[in-house]
Amino acid sequence: MAHYQKAGHVPPKRHTQHRDPDGRLYYEELMGEEGFSSDSSLLYHRHVPSAVVGARIWQLPDQSTEANQPLLPRHLRLHELFDGEEWKSCDAVRDRRLVLGNADVRIGYAVAGTASPLYRNATGDECVYVEAGTGTVETVFGDLVVGPGDYVLLPRATTHRWVPSGDVPLRLYTIEANSHIAPPKRYLSRYGQFLEHAPYCERDLRTPDAPQVVEGENVEVYIKHRGDGPAGLAGTVHVLPHHPFDVVGWDGCLYPYVFNIADFEPITGRIHQPPPVHQVFEGTNFVICNFVPRKVDYHPLAVPVPYYHSNVDSDEVMFYVGGDYEARKGSGINVGSVSLHPGGHSHGPQPGAVEGSLGAERFDELAVMVDTFRPLGLGEAGRLCDDGVYAWTWARNS
């Protein structure tokens, strides 16, 4: 992010002495991307940030995938993954379940009712969509209060934890990259400012509150990192001599932030606009789009629902989070559903949806889409909640 931020107390000149009121030096840490050649921030700690007094293996939740063979479109019912009151004892980190994944991105789902341990993902950035519920994401940079419709962007290796609030479950749709996640380059100037044609801008982003200083000793941090497990992942728990939330100030262009889907300004036209106009973020070999309530095509002969299409280079994953998705009527898809339309299969509206959409002036739909440029495999959660019949709905209803 080119959007420079500063919080707490920092010295007037970087890499110079910064002392507390009693004259003790703070410890400066640079957190940066791409080997000192991209965005970074400087954080000032009360204690040495490298100190570790213990370590053990963390057995990650199942990260294995199975190929989508035979090649089929699929309907995954995520709300079936957490039964009854089970969510009350689940947290957003250790009880996160893998739905779909490939070498570039992993899509998961969690329903949480209890605070997670401190956690950092050392393999890539995370973009977490809050489907329902409220909570606080406590980070080394400061706190982010989150609720329905929020995208929470967490840079790689950001130490944080999820703390649900309220009496309803915190439902999270997790997108874990093996790269960085950022706004699309075409929305940005060469210096990184959002351009006038972008559907959102800096004013729509929520950044952390002032960093909090937390006392504690022998504090555990769960780390997901590169290793020899499924998907090239492994887990470790570090025990730190002091709580990692000991930052008195930070500044820079690398930090967690929140963007709410309601602040996305849809781009419409006289005829149907292609999915790239709905893009909100991008990572290496994948993009994230959202479909929001909007006025639809206004040509007198317009067909508001999408045309049938073979996006030959991509798998398309749509998570339906609200409203009434016109193109999927009659398919069994509802709020909490995920549709997987793999490359090599031509997909589009259900039979009757085209005719039913004619004359519509507005669509009241809310969905988050991930398009990947490598095939996705089915994780254990995706296999478990597959309805098994979605592939036949176009023929059954025609």
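Select residues 113-175. Helices (H or I, at least four residues) and strands (E, at least two) are DSSP runs, numbered from the N terminus. An unreviewed UniProt entry places the feature "domain: Cupin type-2" at residues 113-175. UniProt positions are given in the numbering used here, feature names are shortened, and annotations may be inferred rather than shown by experiment.

The model is predicted: local features need pLDDT of at least 70, side-chain atom pairs count only at pLDDT 80 or more, and totals for chains, interfaces and linings use all residues. Residues are numbered from 1 along each chain as its sequence is written, and side-chain values use heavy atoms, with hydrogens and water left out.

**Stop 1: Thr-159**

Select Thr-159, in the loop between strand E12 (150-154) and strand E13 (160-165). Is Thr-159 buried or exposed? Thr-159 counts as buried because its relative accessibility is 6%; buried means under 20% relative accessible area, exposed over 50%, and partly exposed in between (1.4 Å probe, protein chains only). Now show the side chains of Thr-159 and Arg-120, which make a polar contact at 3.0 Å. A polar contact is a pair of N or O atoms within 3.5 Å; within protein, one must be able to donate a hydrogen and the other to accept it, and residues adjacent in sequence count only if both atoms are side-chain atoms. Leaving out residues up to four places away in sequence, Thr-159 touches several others, including Leu-118, Glu-138, Val-221 and Phe-245. Contact means heavy atoms within 4.5 Å.

**Stop 2: the eight-stranded sheet**

Select the strands E15-E19-E12-E9-E14-E7-E6-E27, which form an open sheet in that order with antiparallel pairing. Strand E15 (205-206) and E27 are at the edges with a single partner strand each, so one side of each has no neighbour in the sheet. Two strands pair if DSSP finds at least two bridges between them. E12 and E19 pair over four bridges in the antiparallel sense, and Tyr-151 has Phe-259 in E19 as its bridge partner.

Next, colour strand E7 (residues 105-112), where eight of the eight residues are buried. In a regular strand the side chains alternate between the two faces of the sheet. Val-105, Ile-107, Tyr-109 and Val-111 point one way from E7, while Arg-106, Gly-108, Ala-110 and Ala-112 point the other way.

Look at the partners of E7. Strand E6 (residues 97-101) is joined to E7 by four bridges and runs antiparallel to E7; Leu-98 is paired with Gly-108 in E7. Three residues separate E6 and E7, which form a hairpin.

**Stop 3: the six-stranded sheet**

Select E5-E24-E23-E26-E21-E20, six strands that form an open sheet in this order, with antiparallel pairing. Strand E5 (74-77) and strand E20 (279-283) are the edge strands, each pairing on one side only. Inside this sheet, strand E23 (residues 315-323) and strand E24 (residues 337-341) run antiparallel and are joined by four bridges. Phe-319 stands opposite Val-338 in E24.

**Stop 4: His-272**

Where does UniProt place the feature "active site"? The unreviewed entry puts this feature at His-272, which lies in the loop between strand E19 (257-260) and E20. Apart from neighbours within four places in sequence, His-272 is in contact with Asp-297, Val-303, Pro-304, Val-305, Pro-306 and Tyr-307.

**Stop 5**

Select Arg-374, in the loop between strand E26 (365-372) and strand E27 (377-378). Arg-374 is partly exposed, with a relative accessible area of 39%. Its side chain makes a polar contact with the side chain of Asp-104 at 2.8 Å. Not counting residues up to four places away in sequence, Arg-374 also touches others, among them Asn-102, Asp-315 and Asn-285.

Move to Asn-285, in the loop between E20 and strand E21 (286-291). Asn-285 is not a glycine, yet its phi is positive, about 70°.

**Stop 6: two backbone details**

Select Gln-69 and Pro-70, which are joined by a cis peptide bond with omega about -5°. Pro-70 is in the loop between strand E4 (54-57) and E5. Finish at Ala-231, in the loop between strand E16 (219-226) and strand E17 (233-240). Ala-231 has a positive phi, near 65°, and is partly exposed at 47% relative accessible area.
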